[in-house]
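Good morning, everyone, and thank you for making time for this. I would like to walk through one structure with you, piece by piece, so please keep the sequence and the picture in view while I talk.

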Amino acid sequence: MKTSTAFDLTGHGLTVAEVHRNLPPSSLYEHAIRFEKDASIADNGALVAYSGVKTGRSPKDKRVVERPESKNDIWWGSVNIPFDEGTFRINRQRALDYLNTRPRLYCFDGFAGWDPKYRIKVRVICSRPYHALFMHTMLIRPTKDELSKFGTPDFVIINAGAFPANRLTSGMGSTTSIDLSLEDKQLIILGTEYAGEMKKGVFTVANYFAPKRGLLSMHCSATADKKTGASSLLFGLSGTGKTTLSADPKRHLIGDDEHIWTDDGIFNIEGGCYAKAINLTSESEPDIFQALRFGAVLENVVLDVDRMVDYTNVSITQNTRGAYPIEFIQNAKIPCIAGHPTDVIFLTCDAFGVLPPVAALSPAHAMYHFMSGYTAKVAGTEMGVTEPQATFSPCFGGPFLVWHPSKYAELLAEKMRKHKARVWLVNTGWGGGGYGVGKRISLKNTRAIIDAIHSGALKTPKTERDPIFGFDVVTEVPGVPSEILRPRDSWTDKSAYDATAKKLAALFNKNFETYAAGASDEVKAAAPKA
Ligand code: ATP
Ligand code: MN
């Protein structure tokens, strides 16, 4: 290939002569096919790549350098595990030493943040073409002119994920280490090739610097009204429907995962989307299905002999993913900037089947649920285990927070008050019984609920107060059968519902103990009555 334009990375301690900067997707495809072990091209045109042993993030292996400059800002604990600068340097040197053994390196320079006032310049250095294409897809791609004037990056990711961390290095919990220095503005990756680690590394950095400037960074998707430009946010933990529900032909897509709320409105941090690919069909998710084409990266999926993607095959992982540039969604609004939100929706996938398909939240209930960040996972595939597992993750994004959750909650409360946003809780999980008895609410019904919120059909909703959770359950939604809207009514066994609701309420209360001291009396009063 005669495409090489050597780019100098010696300033980063890298001496490899062959450095490819911002290669176009077609070149990265060629490199992937030639130099990756198992890369291939699917029938739909997407590049298929494999992340190896790790097929999801490794939150326990994240470390943050403890330095006097930022020490008092950081929410230290299991999310932000401190380590010292010396160890950071050792790991960085290990990453650089590994990369220096590679025949060629890739560099992608792009932006995080669509608002030019707040965007940061991100540099990704890696040895796998797959990682370079992934970040080409997920960051905001610079124009030729912007690239020539790029200058010094604000944040650098050094991905040596194919090489392990040294277990004997102090503080290493495993051979995986994801090391963040807020002062050096660098992220070092060792021992995991899961590409999502880079994307969420950028988000973590945004979660530090945004609140420092009075801006709110949010783990949410966002859409905008095509006429007014006003936006709507969908918060939620993994698998609750942020990406799926934001691909909505009736609305402009602003982004599917990471946004910042400023005094001017909201903007997307990313230039691409990262959708779950499990059981994807063109019928149920046409916008995402068609976006997985040339230029997209499909991770850890299995192909049939005819090179069609078998989206039902989860033999590698349940967490199969597709990354595509945001403009692959027809309704994406470029630049990905929109007005203040009229609606803030908290998505939860309640596998207990207790929470209603939609409830209207008071400001106090909104804060309570934002701090709680509840969803549930269906327990593993062990035989006979059908009990759902509750997950609580503050701000619906605990693993990516840098400040204490209350910092984000205060910013959200202030912004919602100022812009009079309505707040909703939407259960995209089970109804008619918990996992194993009931079934997951259909995408069609959830979409009808979201439509009703956006169209204003729920401006003065018919509601009933939930006796345990205290919020207002919406009992009439155009296009949704009323019998599913009151969860207790949808269960055949009412006493089982009551028992399960009490159990979930107790889990909420137990989780909230950590935050109770810092919460106002109104917010504490929004706790469920167990
Ligand atoms: P992540 O933070 O990991 O990106 P996410 O919130 O973006 O997670 P999605 O990728 O939207 O989650 O995943 C939701 C999954 O649940 C999809 O696979 C979707 O098809 C499926 N699903 C099934 N029923 C529903 C429903 N009623 N609403 C939303 N999603 C549903
Ligand atoms: Mn998503």
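In which strand does Arg21 lie? Arg21 lies in strand β1, where strands (E, at least two residues) and helices (H or I, at least four residues) are DSSP runs, numbered from the N terminus.

Before I go on, a word on conventions: this is a predicted model, in which local features need pLDDT of at least 70 and side-chain atom pairs count only at pLDDT 80 or more, while totals for chains, interfaces and linings use all residues. Residues are numbered from 1 along each chain as its sequence is written, chains are lettered from A and ligands numbered from 1 in the order in which they are written, and side-chain values use heavy atoms, with hydrogens and water left out.

Back to Arg21, then. Its side chain reaches the backbone oxygen of Leu147 at 3.5 Å, which is a polar contact, that is, a pair of N or O atoms within 3.5 Å; within protein, one must be able to donate a hydrogen and the other to accept it, and residues adjacent in sequence count only if both atoms are side-chain atoms. Leaving aside neighbours within four places in sequence, Arg21 is in contact (heavy atoms within 4.5 Å) with Phe7, Cys107, Asp109, Arg123, Leu147 and Phe150.

Five strands form an open sheet in the order β2-β3-β17-β20-β16, with mixed pairing, and two strands pair if DSSP finds at least two bridges between them. Because β2 and β16 stand at the edges, each with a single partner strand, one side of each is left without a neighbour in the sheet. By contrast, β16 and β20 (residues 321–325) run antiparallel and are joined by five bridges, with Gly322 in β20 as the bridge partner of Ala275. Strand β16 (residues 272–276) has four of its five residues buried, so it is largely enclosed by the rest of the structure.

Let me turn to another strand, β9 (residues 177–181), in which five of the five residues are buried. Ser177, Asp179 and Ser181 point one way from β9, and Ile178 and Leu180 the other way. On the pairing side, β4 (residues 62–65) runs parallel to β9 and is joined to it by three bridges, with Lys62 standing opposite Ile178. Strand β10 (residues 186–190) runs antiparallel to β9, with five bridges, and the two form a hairpin with four residues between them, where Lys185 in the turn has a positive phi of about 55°.

What surrounds ligand 1? There are 19 residues around it, of which the closest are Ser238, Lys242, Thr243, Glu285 and Arg321, and a residue is counted as near if one of its heavy atoms lies within 4 Å. Helix α6 (242–246) and helix α10 (443–455) each supply at least two residues of this shell, and α6 gives the most, with three. A polar side-chain atom of Ser238 lies 2.5 Å from an oxygen atom of the ligand, a backbone N or O atom of Gly239 lies 2.9 Å from an oxygen atom of ligand 1, and a polar backbone atom of Ile441 is 3.0 Å from a nitrogen atom of ligand 1. Taken alone, ligand 1 exposes 650 Å², and the protein buries 90% of that, the areas coming from the Shrake-Rupley method with a 1.4 Å probe; for residues, only the protein chains shown count as cover.

Definitions and conventions:
Buried < 20%, exposed > 50% of the residue type's maximum accessible area, 1.4 Å probe, protein only.
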